[in-house]
Amino acid sequence: MEKYICIHGHFYQPPRENPWLESIELQDSAAPYHDWNERISAECYAPNAAARILDGEGRIEEITSNYSRMSFNFGPTLLAWMMEKRPGLHEAIVAADKLSQERFSGHGSALAQVYNHMILPLANARDKQTQVLWGIRDFEHRFGRIPEGMWLSETAADTDTLETLARCGIKFTILSPYQASKSRPMGKRAWKDVNGGRIDPTQAYLMRLPSKQAITLFFYDGPVSRAVGFENLLSDGERFAQRLVSAFNDHRGRDQLVHIASDGESYGHHHRKGEMALAYALHFIESRNLAKLTNYGEYLEKHPPTHLAQIHEKSAWSCSHGVGRWMADCGCNSGGFPGWNQGWRAPLRQSLDWLRDELAARFERVAGEYLKKPWEARDDYIYVVLDRSPENREQFLARHATRALNEEEKVAVWKLLELQRHAMLMYTSCGWFFDEVSGIESVQVVQYAARALQLAREVFNEDLEPGFLEHFEHAKSNLPDPKDGRAIYEKFVRPAMVDRAKATAHYAISSVFQQYGDRTRIFSYRFDDEGRELLSSGKARLALGKPDVVSEITQESAILAYAILYLGEHNLTGGVRRPDSDEAHAAMIREIKAAYDSADFPETIRLIDRHFGEVPCSLKSLFRDEQRRILKEILASTREDIEGRFRLITERYEPLMKFLQSVGAPFPQALETVRDVVLQGDIRGQIEADQPDLDHLRSLIQDAQALDGRVLDPQLSFVVKNRLEQMIERLAAAPDELDVLRSLERVAQLMIPLPLNLNLAKVQNTYWEMLQNTLPDFRRRADAGEGAAQDWLDRFVALGDILGFARKRLEQPVAAMQVAA
C-alpha cells in the first residue's frame, strides 16, 4: 500500500487596478509597501519561492521552492500584475512548475483558474465559457503547457460549470468534501449518501455528466485543511507533517492520497512564517519516507478513478448555504460587525445582471457590424489582453473582422471588447464576500461596472448609468454615510473615473517635476509631445504642450493642449483644453509666455484661467502615486530645513541634555522630539551613504539604543533593509570586489543584531544563490593558494554566519555543495 500526500495552495488576490488606468494606485493601508499585492507578495508569494528550512539551532540549512513540491494555482489577474511588477517572482513560479514536471512524472503542479474569480454557478453560459477559456489561455501563455486541472472560484460548482470545464479539456478540479452528495463504486448501482463531508477524500472520483462527458473530482481532506487555515497548525512544521500522515488509514487496504486545500496566503501572510512550516513539513515527510509527495496530475495517471460521485448543485467551500454568500443575506459574513446585515448583496448582483444583459444585446448588434461572430471574438480577446502589440492586434482582426476596418472602426472594436472585459471583471467574487457594500472590494466591482457604462456611452451613444443607479440604490449600506448604492457611486466611483483630459492634466503637472521625452507612457496612456516647452525662472516654472494622447487599451487618440504654472512648494495652477487652430493656439501660447517672461505671474494665472478654464487642474489633479512622489520631493527640502533647525536646537541644548541624562531626569517632550528627529536623520544618512563612517554610525546606534528603541522604528528598518539589499546585489554583480564584501559584512554585523525586525529575505536569497554558484569558484581558487580568494572566502563565510546560515552549510566542501545544489 502506497501513501501519497498532496498540498494545494490557492494563491489569489482580487484585481485591484483602477479600471481606467489599468494599474494599482498607492494603498496607504499596505504601508510600508505600495499596495496589498506588493505586501502579500513580500509576506507570502516570494517566501514560498524561497522558503527556509532551519537546523536544530534555528539557522538556515536550505532554501527551497515550496511551489515545486506542492500543487498550486495563481489567479491570472494576480500573475498579470506580478509579470509587470515582480517579474523575477513570476519567473520563479513558472520555473517551479517546470521543476515539478521533472519531479512528478511529467505532470506540472500548477493548475489553471477561472479568469477573474467569477462565481460560475451564478454566471450565464457565455460568461462561464469565456471565464474558463481565458483562464486556460492565460495559463498556456505563462506556463507554456496545457493545464490538466482548473481551480473554480471558491470551489463553486454545479453541473453546468463542470460541463464547461470538461468541454474545454479540463481533466479535474478540487472540491470541498461538503460539496459531495453521494458516491458509489464503478459497476455498482447502489449510491452511498456522503452528505456532511463524509466522502472518503483519499481517492479520486469520476462524475459523469449529462452530455456523456466526465470529469474527475478530488474532494480535499476537510479537517486537516481547516486546521491549516483556522487552528494554528502552521505554528510547527513537524506537527503539520504528523497531522497529514495521521489522515492515512491502513484499514483501507489500498493506495491512498491525503490531500488538503487552503488559501495559499495561509503560508506566510495569514500565518507569519507559515511558508517555513510548509517547507519543513514537506522536508520531514520526504526525509523520513513517511509518504510520497505527488500532485493531482501524477496521482490521476497512476490511480484512475474507481468510484463515481455526484455533487450538491450550486455549492462552494466558503458558504454553508450553497452560493448564497454571493447573492443574498445568507448569514455568512466575517463576524466582525454584529448587527450588520448583507441585504445589499442581492441588489448589487441584480444591478450587475441588469447591466450585463442590457450591454449584451447592444454588443451583439453593434459588434456584428465589425466582427464575424462577436462572442467568439470575445473568447479570443484574451490573446490581445496578453499582448497588445500592433502586430498581435492586426492578427486578431484578420481572424475576426468582417472586412478591412479603418482606424475609427478599429477603436470601436477595442472599446466593445473592453466593455465586455469589464462586464466580466465586475463579477469578481470578493465584491460580495465581505460585510459592507461600501467596502473597497464592493466598490471595486462597481468601478468595473462604471467603466463598462462609460464605454457603452461612447460606442452605443446611449447612457445606461441612470438605469443602473435605479437598481443599485436599493443596495442599503450598514453605515449612515454613504447610505445606499447611489451615494456610494457618487462618493467613491465617480471621482475615480478618468478620461483623456484628466490623464493629460496628470501628465502635464508631473512634467513640471521630471524630464519626459517626446513619447511618454503613464499608466494606460501614451503622450506624444514633441513641441513641449518648460520655462524656468527661479522657483517658478511654466509647462506648455499640445500632445497627442493615445489610450494603450482602446487606441483612441486626441490632441489636447495644456498650460501649467508652478510657483514653488504646493502652489500650482493650470488647465487642459482642446486646441483651436494652429494659429490661434500659437497666439495664445505667445500671450501666456509674454506674461511669464515679464515675471507677471498674476497676469499669467489670469490668462491660463481664461484660456484653459475648461479643465482646471492643481496638484490634487495628480493620480495618487505621482501626487505622493511630488509631495515627497516638495517636503524633502522642508524636512531638510526642519532637521537643520532641530540640529541647531540640539547643539544649543546638548550640555543641558547631557546633564539631565546624567541625573536621570526626563527631557521636556519638545526637546526629546527634536533630539529623536536629528538622531534618526543622522543614522539614516550614514546608512544611505556610499561610504558610511562605521565608527560614527556605531556611536549613533549606541545613542539610539539608550532611548528605549524609539528611534529604531519600522521606517528605519525599511531603510536598513533596502541598503543591505543594494549592497548584496552589487556584490552579486561583481563578486571580486572585496571592498564591497567587507563593507557589507561590517554594516550587517552592526545592524542585524538590532531590534529592527529586519526582513532579510532578499539578502539571504541572494546570498544563497552566491553560496551555490559563486563560492565554489573562490573555494577552488583558495585551495590553489590564491590569497585574495581565501580572504574573500573568510569574509563571505563570516557574512553568512551573520545572516543566519547553518555553519555546516558554509563549511561544506565544493563537491558536497554541488550535490546539495
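How much space lies in the second largest cavity? The answer is about 40 Å³, and point 2 returns to this space.

1. Basis of the note. This is a predicted model, in which local features need pLDDT of at least 70, side-chain atom pairs count only at pLDDT 80 or more, and totals for chains, interfaces and linings use all residues. Residues are numbered from 1 along each chain as its sequence is written, and side-chain values use heavy atoms, with hydrogens and water left out.

2. A cavity is a set of points, on a 1 Å grid over the protein atoms alone, where a 1.4 Å probe fits but cannot get out; lining residues have an atom within 4 Å of a point. Grid points are joined across faces, edges and corners, and a volume is the space filled by probe spheres set on the points. A search of the whole structure finds two cavities of 30 Å³ or more. Strand 5 and helix 9 (296-302) each supply at least two lining residues; helices (H or I, at least four residues) and strands (E, at least two) are DSSP runs numbered from the N terminus. The lining divides into four nonpolar, five polar and two charged residues. Here Ala, Val, Leu, Ile, Met, Phe, Trp, Tyr, Cys and Pro count as nonpolar, Asp, Glu, Lys and Arg as charged, and the others, Gly among them, as polar.

3. Largest cavity. The largest cavity has a volume of about 60 Å³. Helix 2 (76-85), strand 5 (110-113) and helix 4 (125-143) each supply at least two residues of its lining, and helix 4 gives the most, with four. Among the lining residues are Phe74, Leu79, Asp138, Phe139 and Phe143. By class, the lining of the largest cavity has seven nonpolar, three polar and one charged residue.

4. Second largest pocket. A pocket is an open set of grid points with protein on both sides within 12 Å along at least five of seven lines. The second largest pocket holds about 1300 Å³ of space. Of its 42 lining residues, Ala46, Ala49, Ala50, Asn765 and Glu769 are the closest to its centre. Helix 3 gives the most to this lining, with nine residues. The lining comprises 19 nonpolar, eleven polar and twelve charged residues.

5. Helix 18. In this helix (residues 485-493), Gly485, Ile488, Tyr489 and Val493 are buried, that is, under 20% relative accessible area with a 1.4 Å probe, protein chains only. Seen down the axis of helix 18, the buried residues fall within an arc of 100 degrees, so they line one face of the helix; the arc is that of the directions from the helix axis to the C-beta atoms. These buried residues pack against helix 16 (440-460) and helix 17 (465-472), with contact meaning heavy atoms within 4.5 Å.

6. Cysteines. The structure holds zero disulfides, a disulfide being a pair of cysteine sulfur atoms within 2.5 Å. For cysteine 319, the nearest cysteine sulfur is that of cysteine 332, 3.8 Å away. Cysteine 319 is buried, with a relative accessible area of 6%.

7. Glycine 9. This residue lies in strand 1 (residues 3-11) and counts as buried at 0% relative accessibility. Not counting residues up to four places away in sequence, glycine 9 touches Met70, Ser71, Phe72, Asn73, Ser262 and Gly264.

Methods
Buried < 20%, exposed > 50% of the residue type's maximum accessible area, 1.4 Å probe, protein only.
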